[in-house]
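This report goes through a sheet, an annotated domain, a chain interface and some backbone details. Please keep the structure open while reading.

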2 protein chains.
Amino acid sequence: MSTRYGSRPTMKDVAATAGVGLKTVSRVVNGEAGVTPDMAARVQAAIAELGFRRNDSARLLRKGRTASVGLLLEDIADPFSGQLSRAVEEVARMHGSLLFTGSSGEDARHEQELALAFCARRVDGLVVVPAGGDHRYLLPELAAGIAAVFVDRPAQLIDADAALTDNVGGAREGVAHLIRHGHRRIAFLGDLPQIHTAAERLRGYREAMAEAGLPVDEAWIAMAPTDPASVAASVDRVTGGAAPVTAVLSGNNRITLGVLRRLPALSPRPALVGFDDLELADLLTPGLTVVAQDPAALGRAAADLLFRRLAGDDAPPRRIVLPARLIPRGSGEAGPDGR
Amino acid sequence: MSTRYGSRPTMKDVAATAGVGLKTVSRVVNGEAGVTPDMAARVQAAIAELGFRRNDSARLLRKGRTASVGLLLEDIADPFSGQLSRAVEEVARMHGSLLFTGSSGEDARHEQELALAFCARRVDGLVVVPAGGDHRYLLPELAAGIAAVFVDRPAQLIDADAALTDNVGGAREGVAHLIRHGHRRIAFLGDLPQIHTAAERLRGYREAMAEAGLPVDEAWIAMAPTDPASVAASVDRVTGGAAPVTAVLSGNNRITLGVLRRLPALSPRPALVGFDDLELADLLTPGLTVVAQDPAALGRAAADLLFRRLAGDDAPPRRIVLPARLIPRGSGEAGPDGR
DNA sequence: CTGAAAGCGCTTACAG
DNA sequence: CTGAAAGCGCTTACAG
């Protein structure tokens with residue numbers, strides 16, 4: 001039988017069964033022209049009889065490309081990553097590539113291990129949401145021809161393609177929105193400052209305050225881990241003390257969740273604008289006002305650029321910046337008196 | 001230089017540079033014993049000079065395994081899939097495997113294309129959230145030694161490993177909960193009936209009603225697509241008409257979203273229990289009562305079983321069933337009078 | 001139209 | 001301890 005457990009028929013087996021040469025089998029399997037109908041039929045019969053399926057790994061080794069792309073995320077379980085992944089996957093599929101995925105867990109060493117493991121498999125390219133602060137480890141791989149596009153955050157210490165959201169502009173718009181609704185004392189709760197997006201959004205916050213001529217009390221700024229307990233502590237700090245804020249810009253979706261869970265304990269309730277949209281944001285009471293990114297558009301832009309590189313585009317590294325969009329839903333339209 | 005664009009040094013190059021045999025390079029690269037320190041140093045120097053990185057694709061072709069697993073999801077952008085993926089990824093990492101991922105989009109042909117593409121790459125195993133209704137196409141692959149574990153839904157027409165949630169029990173519990181709170185006319189809004197989980201949850205609904213001696217009006221049951229418009233129409237149908245329901249069990253997270261968006265238009269507002277938990281469920285007003293699955297536990301169970309198979313476990317196909325858990329938060333505790 | 005030989009980059013099996 | 005030869009399953013380049 002052709003079904004010996006753990007072993008598979010090869011083209012050689014098919015050739016022997018059909019009584020033809022190896023190259024003829026290859027021609028039939030790959031649909032190349034120049035095989036007589038009779039020969040082709042004999043090969044097809046042998047393929048069916050043996051249950052042959054071409055080994056694409058062997059094929060691609062010989063061809064010198066792998067028709068695969070490595071996608072390195074912070075955490076595939078995060079909705080942001082999920083939407084981005086799906087978009088990358090669609091583009092990869094259109095180009096006949098499969099996708100390796102992995103989560104760095106915001107750990108630089110882990111990112112490097114995964115990225116180099118993908119490179120060792122000789123992926124054609126990488127799409128990377130970087131966690132680390134030094135990407136020089138990729139230089140030999142890039143020099144050897146592996147394309148890489150960074151997404152959501154730029155690469156550090158190397159010059160590379162990137163698809164980013166306008167984080168500064170988005171944060172500015174969120175803060176300006178709160179100022180327009182009468183707020184003067186506004187907090188920014190961000191992720192750790194070494195995270196590029198967190199630093200950029202803080203910058204947008206400062207710019208918007210400065211533009212409106214408003215002073216910033218450094219006690220209104222908390223750059224901290226995003227676990228619920230840490231966020232709750234930050235919320236308590238900025239809404240307590242001598243100059244309590246009347247409004248909060250939260251720096252990403254996880255921080256927004258922490259703030260939302262802490263809000264019921266507060267009176268008065270500060271106005272809130274969250275960076276990143278959330279699935280149920282419109283169903284909360286009040287609805288959650290957000291500065292929304294478009295993770296799918298980010299993924300598409302990054303993947304499109306990657307495949308353009310793989311097709312031979314060798315222009316200097318490009319930086320694609322997508323806009324963030326303010327979506328008012330209620331929580332960001334309350335005035336400083338709490339209504 | 002070693003950085004000619006698009007070409008990489010091989011072990012042969014390293015051997016030539018170091019002035020040693022190919023096998024000695026292989027020994028050093030793989031940390032095998034029996035190389036003199038002097039030889040090892042010369043090889044290391046050549047590796048560093050050339051920027052050599054072993055080609056794992058070539059290595060694995062020779063070794064007869066690929067140290068990779070294919071994960072086939074319905075949609076990686078769905079939070080359920082994301083959590084499941086992360087769990088599978090962690091288990092794969094512990095076993096030194098990389099992960100190919102792909103989304104079938106609930107399309108049987110697409111599922112088959114992706115699964116067979118993974119098999120053509122000779123993945124060691126597959127974890128599959130099946131979309132199709134006939135998995136016999138995988139029989140030759142299974143016979144050839146590719147392991148497969150189905151997750152969330154069982155395989156159809158073949159006998160295979162599976163890790164499932166107790167959908168019947170979960171739905172029964174959700175309906176029994178509503179009955180305990182005084183409801184007699186209860187709707188079930190499910191996904192298309194050919195989807196295994198949808199059919200199972202409907203069965204649980206019927207069992208719970210029968211157990212309580214309550215008649216079921218077939219007009220209370222809607223098995224339909226999960227887009228918002230379709231769900232809104234179903235909601236209107238079961239809450240209107242001659243015998244309007246006072247409570248709803250929604251069959252999955254997407255349907256729950258549709259119901260939640262339609263509820264504000266209804267008076268009185270029916271009680272609601274949703275199958276699948278949602279990120280912000282506790283922050284809604286009222287809180288959303290759910291029958292929660294544990295997608296990470298499903299992924300872990302499936303991946304653990306897969307790697308046990310890859311380690312040689314050839315016991316008959318196993319079916320792992322994980323419990324669903326009722327989490328009361330308010331929406332499912334309102335009585336039939338709407339309070 | 002057909003196929004034998006060489007090679008993709010490694011590891012295995014085997015001599016020295 | 002060291003390495004030349006054969007082979008993993010294909011494709012490429014080249015004769016017939």
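## Sheet in chain A

Two strands count as paired if DSSP finds at least two bridges between them. The model described here is predicted. In chain A, six strands make up an open sheet of mixed pairing, in the order S7-S6-S8-S9-S10-S12. Its edges are strand S7 (221-223) and strand S12 (325-327) of chain A, each of which pairs on one side only. On average, neighbouring strands of the sheet are turned by 15 degrees against each other, direction ignored.

Strand S10 (residues 289-292) of chain A is joined to S12(A) by three bridges, and the two run antiparallel. Within S12(A), Leu326(A) is the residue opposite Val291(A).

## Helices on the sheet

Helix H8 (residues 167-180) of chain A lies across strands S6 (186-190), S8 (247-250), S9 (271-275), S10 and S12 of chain A, and runs at about 170 degrees to S9(A). Helix H11 (residues 253-262) of chain A also packs on the sheet, where it touches S6, S8 and S9 of chain A. The direction of H11 makes about 155 degrees with that of S9(A).

## Annotated domain

An unreviewed UniProt entry places the feature "domain: HTH lacI-type" at residues 9-63 of chain A. Over residues 9-63 the chain is 69% helix and 0% strand, with the end C-alpha atoms 21 Å apart.

## Interface between chains A and B

How many residues of each chain take part in the contact? In chain B there are 59, in contact with 59 residues of chain A. The size of an interface is often given as the accessible area lost when the parts come together. Chain B and chain A bury about 5,300 Å² between them, with 56% of it on carbon and sulfur atoms.

Eight salt bridges are counted between chain B and chain A. One of them links Arg8(B) to Glu141(A), with the closest N and O atoms 2.8 Å apart. The two chains also have 29 residue pairs in polar contact. Among the elements of chain B that each supply at least two residues to the side touching chain A are helix H4 (56-63), helix H5 (79-94), strand S2 (98-103) and helix H6 (108-120).

## Backbone details in chain B

Most residues other than glycine have a negative phi, and most peptide bonds are trans. Ser267(B) and Pro268(B) are joined by a cis peptide bond with omega about 0 degrees; Pro268(B) is in the loop between H11 and strand S9 (271-275) of chain B. Another cis peptide bond joins Thr285(B) and Pro286(B), with omega about -5 degrees. Pro286(B) lies in the loop between S9 and strand S10 (289-292) of chain B.

Asp152(B), a residue other than glycine, has a positive phi near 80 degrees. Asp152(B) is in the loop between strand S4 (147-151) and strand S5 (161-165) of chain B.

How values were computed
Residues numbered from 1 in each chain as written. Chains lettered and ligands numbered in written order. Predicted model: local features only at pLDDT ≥ 70, side-chain atom pairs only at ≥ 80, totals over all residues. Heavy atoms only, no water. Helix = DSSP H or I, 4+ residues; strand = E, 2+ residues; numbered from the N terminus. Axes fitted to C-alpha atoms, helices over the stretch in contact; angles between N-to-C directions. Contact = heavy atoms within 4.5 Å. UniProt positions renumbered as here; feature names shortened; annotations may be inferred. Buried area = accessible area lost by both parts, 1.4 Å probe. Salt bridge = Lys/Arg side-chain N within 4 Å of Asp/Glu carboxyl O. Polar contact = N/O pair within 3.5 Å; in protein donor to acceptor, adjacent residues only side chain to side chain.
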